[in-house]
Amino acid sequence: MLTVRDLRVTYHSGRTAVPAVRGVDLDVAAGQRLGIAGESGCGKSTLASALLRLLPPGTEVSGEILLDGEDVLTMSFGRLRAVRWAGASIVFQGAMHALNPVHRIGRQIAEPLLLHRTVPPARVQARVEELLAQVGLPAWRANSYPHELSGGQRQRVMIAMALACEPRLVIADEATTALDVMIQAQVLELITRLTTERGIALVMISHDLSVLSSTCDRVAVMYAGRIVEEGPAREVFTSPAHPYAAALAAAFPTVGDEASRLRPRGLGGDPPDPAHLPPGCPFQPRCERAVARCASTDVRLRPAGAGRHAACVHVDEEVAA
Amino acid sequence: MTLLSARGIHVHFPARGRRGAVARAVDGVDLDLAPGEILALAGESGCGKTTLARSLLGLIRPNAGTVSYDGVPLKYDAASLKRYRRQVQLVLQDPTGALNPRHTVYEAVAEGLRIHGLTDDEPRRVAEALARAGLRPPERFFLRYPHELSGGQRQRVVIAGALVLEPRVIIADEPVASLDASVRGEILALLLRLRDELGLSALVVTHDLGLAWNIADRLAVMYLGRVVEIGPVAQVLTQPRHPYTQALVSVLPSTLGDGGSRRPIVLTGETPDASRVPEGCRFHPRCPKVTDGTAETAGVAEACRTKELPVLDGVGPAVACHLVDGRLPAAGGQA
């Protein structure tokens, strides 16, 4: 369904090149849910925008993004327009800014339907109501303006729009981050149910590894523009192989787990500046397990158990042992 | 012993959009904070937790009720408030917004000292506060500007600004919500260390129950202007008794027990409007125990719909639920 090979994205600011994504491979099958975890500046949102070619002009992009076998990076603009919404759609964080404040909700949901002629014009109204019902909003909400809705309701509207043209892939970029826990649970349940029912592939991007591990099938953890660990979601969260994935997992305490009671765990130091990455493994300056060769070896992903990969020099030894 | 206490706090605002209507943001709350204690105040947006914290800081004068510090009721004249705020300091959620971008770290931290006329030994006090907040060596940070710091460092500067006055209580509103996950733990560890080293008390306002599990001794859960459950963190989070707390805990992303034993209780609808507080138990329209007939079977369904629950005491353990009162007459207060 979605195959990404050696994706690289470099921003240019003045004379400095800022490599935000530095060689990422992804595979998502129809109906599968992939989570991408990482902190600010790790390149996860750049990756999301790159998947639909939504990056600002002047950004350097290389590699391959195959959506049902078609390369998004080389397709014509007309074809790209057809693919956006209808083939793949994206739900962003902060629905207040993504929705147009002066248009009614119904009109905004109808827009992609009309543009892509998904349904005959006479059926558009009915389809809008159907979509609202799917995300648990009453039909009369079509007449509301975005400011009349709560954050959770706006996020549902965004999901309704993303599903409007029956895409095969939905990308959710921090789609539930700004929401309250209960509303987040509602929205996650909704996304999970709708993607499962329709066999839609989901790429879910979040800083919250705990949410991803309970929602997705597989998880990829990004650091400094690369995937440093990937594997079955629950395993990556409960027994991470990469020291960064371990630190990120420990940052989300499990309520009821005595090991984290009155023992908050964090990570010293700060994420590296993408324009000035340290040599060798980019995580090595903050890594508790760093050894001399970490500063010189450019570690790539290697097998770390069944269906798992991690980019750490310690992984080979542990798998061999 | 109680250092900071709130009794019968009510804070009302004019409701948006409807003339004459009143939003009961805080609708009768008792809360006690002991010396050296970390108390987490949790709830969803709109439950009144931030308003309650602001009234504890003296930033809002409650419509009814009393805030007392060291047994003395707070007075609202400028001089009394100024004295009070040397003891009870606020740490804000977003360090980028809390810091003036044109002030250096030194100026940001020294500001409180200047306001309170503590001009002796200023550089030493500033350096000490920065070091306590984990910015070492402090002198290296004196002349830095906020934009030169990472998010975690900025939050440490904000905390240093609170510590410089040597307060006894810190009230922190979502102190780590705007920070990256890996940095969060370090800031929370700092709050724990300040408690251990200085005996500082803290009220931490948060929507994140994981944070409460990480650092708090006691937890108060708020719903629509009231505390609905209060008690030791481990007890409230591992054996929640109020149906609302049970629902909140059930939707935490969990890896314990592989999610099999714990079915998430996803409540429908949003937090209702504080200008339309339901009659009876304020949670009853969304309560799963009312919907699934448990309340009916226990013979309290009528009470849930019509009988208001008493205000919980400020220490706990206590639960504001007709069902819990019915089952355990001795615990959780009177019916």
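Which residues touch the most other members of the largest nonpolar core? I started my notebook with that. The model I am reading is predicted.

**Entry: the core.** I looked up the largest nonpolar core, and it holds 212 residues. Val221(A) and Val109(B) touch the most other members. I then listed the contacts of Val221(A), leaving out residues up to four places away in sequence. Among them are Ala37(A), Gly38(A), Ile227(A) and Val228(A). Val221(A) also touches Glu229(A), Val236(A) and His242(A). Tyr244(A), Ala245(A) and Leu248(A) are on the list too.

**Entry: chain B as a whole.** I looked up the secondary structure of chain B and found 14 helices and 11 strands. I noted the span of its C-alpha trace along the principal axes: about 65 × 50 × 40 Å. Buried residues make up 50% of chain B. I also checked contacts between residues at least 6 apart in sequence, and 66% of these in chain B join residues at least 24 apart.

**Entry: two helices in chain A.** I picked helix 4 (residues 105–115) and helix 6 (residues 151–164) of chain A. Their axes come within 8 Å and cross at roughly 20°. That angle is under 35 degrees, so helix 4 and helix 6 of chain A are roughly parallel to each other. Their crossing is right-handed. Helix 4 of chain A makes the contact through Ile105(A), Gln108(A), Ile109(A), Pro112(A) and Leu113(A). Helix 6 of chain A brings Val157(A), Ala160(A), Met161(A) and Ala164(A).

Technical notes. Residues numbered from 1 in each chain as written. Chains lettered and ligands numbered in written order. Predicted model: local features only at pLDDT ≥ 70, side-chain atom pairs only at ≥ 80, totals over all residues. Helix = DSSP H or I, 4+ residues; strand = E, 2+ residues; numbered from the N terminus. Buried ≥ 20, exposed ≤ 12 C-beta atoms within 10 Å, placed from the backbone. Contact = placed C-beta atoms within 7 Å. Core = buried A, V, L, I, M, F, W, Y, C linked by C-beta atoms within 7 Å. Axes fitted to C-alpha atoms, helices over the stretch in contact; angles between N-to-C directions. Parallel < 35°, antiparallel > 145°, perpendicular 65-115°, else oblique. Left-handed = near helix turned anticlockwise from the far one by under 90°.
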